[in-house]
Amino acid sequence: MAKSERHAFGLNNKEAWWADPLPDPENNGPDRVRWPIMGVVFLLPFLIPVTRSLAARPEVDAGVVLIGVLVYVYALCYLLFPFVFPRTLRVKLGFGAGMNLLGLGVVAATSASPFILLYGTAVMVFLTPAAWAVIVDLATLLIGALLLVAEGKFLDDYGDLITVGSVTLAMFFMANLIRAVRRLEVANKEIATLAVTNERQRVARDLHDLLGHSLTTITVKAGLARRVLESAGDIPRAVEEIREVESLTRSALSDVRATVSEYREVSLPAELAGARAALRAAEIDADLPHAVDNVRPEFQTTFGYVLREAVTNVLRHSGAKLVKVRLGDTWLEVEDDGTATGVVPGNGLRGLTERLDAVGGTLRASARPGGGLLVRAEVPLPEPRAAAPAVRAEPAGGLA
């Protein structure tokens with residue numbers, strides 16, 4: 001797994017620092033109904049003393065009004081910041097930086113404690129990517145320190161500035177933890193959706209392989225029984241074919257149930273026997289192996305699917321008179337002498353390709369020069385691991 005994939009939810013890569021951190025801005029951020037009530041509670045320790053100091057002034061002039069507007073606009077921004085979450089990154093960045101400037105203006109105009117800068121720095125870490133929050137909040141704290149130095153209050157209030165920095169740092173990590181949790185929730189939903197999609201594809205592929213072969217064989221055998229009755233009137237043979245149709249129907253029904261429950265397994269020997277019966281019923285000569293002992297056991301299930309789909313295609317489309325099947329330890333070939341002159345990709349070949357991809361194999365279907373198709377499935381053996389070098393032990397007493 002790549003490093004960026006391992007740390008996709010943390011701050012261990014450049015993208016996580018600069019990207020907009022909210023996967024679904026409409027559904028993130030504080031509750032827009034309850035937050036204003038909670039925000040007022042948080043603002044009271046700031047608004048009450050500032051309002052009292054403004055009201056205690058003997059004259060209400062333009063300067064007092066301007067300071068009051070500055071104070072309450074700053075407070076209003078704190079109450080309304082959840083409504084900025086759905087906006088673009090540029091809007092959120094402008095809102096957060098503007099709120100920090102308002103906070104610095106309040107500190108400069110009212111000689112209030114720099115602790116009030118916390119409202120702006122906290123909003124910044126929740127609204128914007130981590131890198132922008134660090135840049136703007138550090139700049140705010142630095143300018144706040146310069147204001148204290150200019151007013152000669154640095155030694156008295158630097159503790160409040162340190163508190164603002166510490167609380168902002170804690171909120172920074174809390175905000176990024178919340179973002180990581182939300183991104184994990186989104187990832188889990190995507191994983192669940194992919195799991196459902198994969199299961200649907202599995203069921204569709206298995207049902208295609210199963211029903212395509214079974215219904216084709218049933219159709220061929222039912223047609224054979226009809227022809228026997230129409231041409232020769234051989235009732236015992238027709239009854240035997242109909243019994244095989246009934247048996248195939250029951251087997252297909254059982255396989256459908258097993259497929260839905262994901263308990264069905266394909267056996268290469270069983271598929272060979274089924275192919276021999278289906279081709280005989282279709283009056284197609286079959287040159288099939290009598291055993292599968294030379295095929296590696298771990299590949300037999302996959303080759304069973306390939307044989308089933310290839311024989312089904314022969315029965316449906318080829319018009320062949322002869323089918324040859326060859327097996328090796330890691331390969332299988334199905335060849336017919338039908339009328340096909342090209343390969344038309346369909347659900348069957350697509351499903352077989354997916355099955356072989358899952359085990360690292362390949363599927364090739366090609367037209368024969370004289371007509372017909374050759375289907376070859378092959379799974380390469382895993383490369384042998386390098387043997388550990390032998391260590392020659394010397395006698396404990398040394399060389400003689």
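Me: What is the handedness of the crossing of H3 and H4?
Reply: This is a predicted model, in which local features need pLDDT of at least 70, side-chain atom pairs count only at pLDDT 80 or more, and totals for chains, interfaces and linings use all residues. Residues are numbered from 1 along each chain as its sequence is written, and side-chain values use heavy atoms, with hydrogens and water left out. A crossing is left-handed if the near helix is turned anticlockwise from the far one by less than a right angle, and right-handed if clockwise. By that convention, the crossing of H3 and H4 is right-handed.

Me: How are H3 and H4 oriented to each other?
Reply: Helix H3 (residues 35–55) packs with helix H4 (residues 62–80) at about 165°, their axes being 9 Å apart. Axes are lines fitted to C-alpha atoms, for helices over the stretch in contact, and angles run from 0 to 180 degrees between N-to-C directions. Angles under 35 degrees count as roughly parallel, over 145 as roughly antiparallel, 65 to 115 as roughly perpendicular and the rest as oblique. H3 and H4 are therefore roughly antiparallel.

Me: Which residue forms a salt bridge with Arg308?
Reply: A salt bridge requires a side-chain nitrogen of Lys or Arg within 4 Å of a carboxyl oxygen of Asp or Glu. For Arg308, the closest N and O atoms of the pair are 2.8 Å apart, and the partner is Glu271.

Me: How many residues apart in sequence are the parts that Arg308 and Glu271 tie together?
Reply: Helices (H or I, at least four residues) and strands (E, at least two) are DSSP runs, numbered from the N terminus. Arg308 lies in helix H11 (residues 297–318) and Glu271 in helix H10 (residues 268–281), so the parts tied together are apart in sequence by 37 residues.

Me: Is Arg308 buried or exposed?
Reply: Buried means under 20% relative accessible area, exposed over 50%, and partly exposed in between (1.4 Å probe, protein chains only). Arg308 has a relative accessible area of 8%, so Arg308 is buried.

Me: Which helix gives the most to the nonpolar patch?
Reply: Patches consist of residues with over 30% relative accessible area and no salt bridge, like charges being joined within 9 Å and nonpolar side chains (Val, Leu, Ile, Met, Phe, Trp, Tyr) within 5 Å. Val149, Phe154, Leu155, Tyr158 and Ile162 form the nonpolar surface patch, with about 510 Å² of accessible area together (Shrake-Rupley method with a 1.4 Å probe; for residues, only the protein chains shown count as cover). With four residues, the element that gives the most is helix H8 (residues 154–231).
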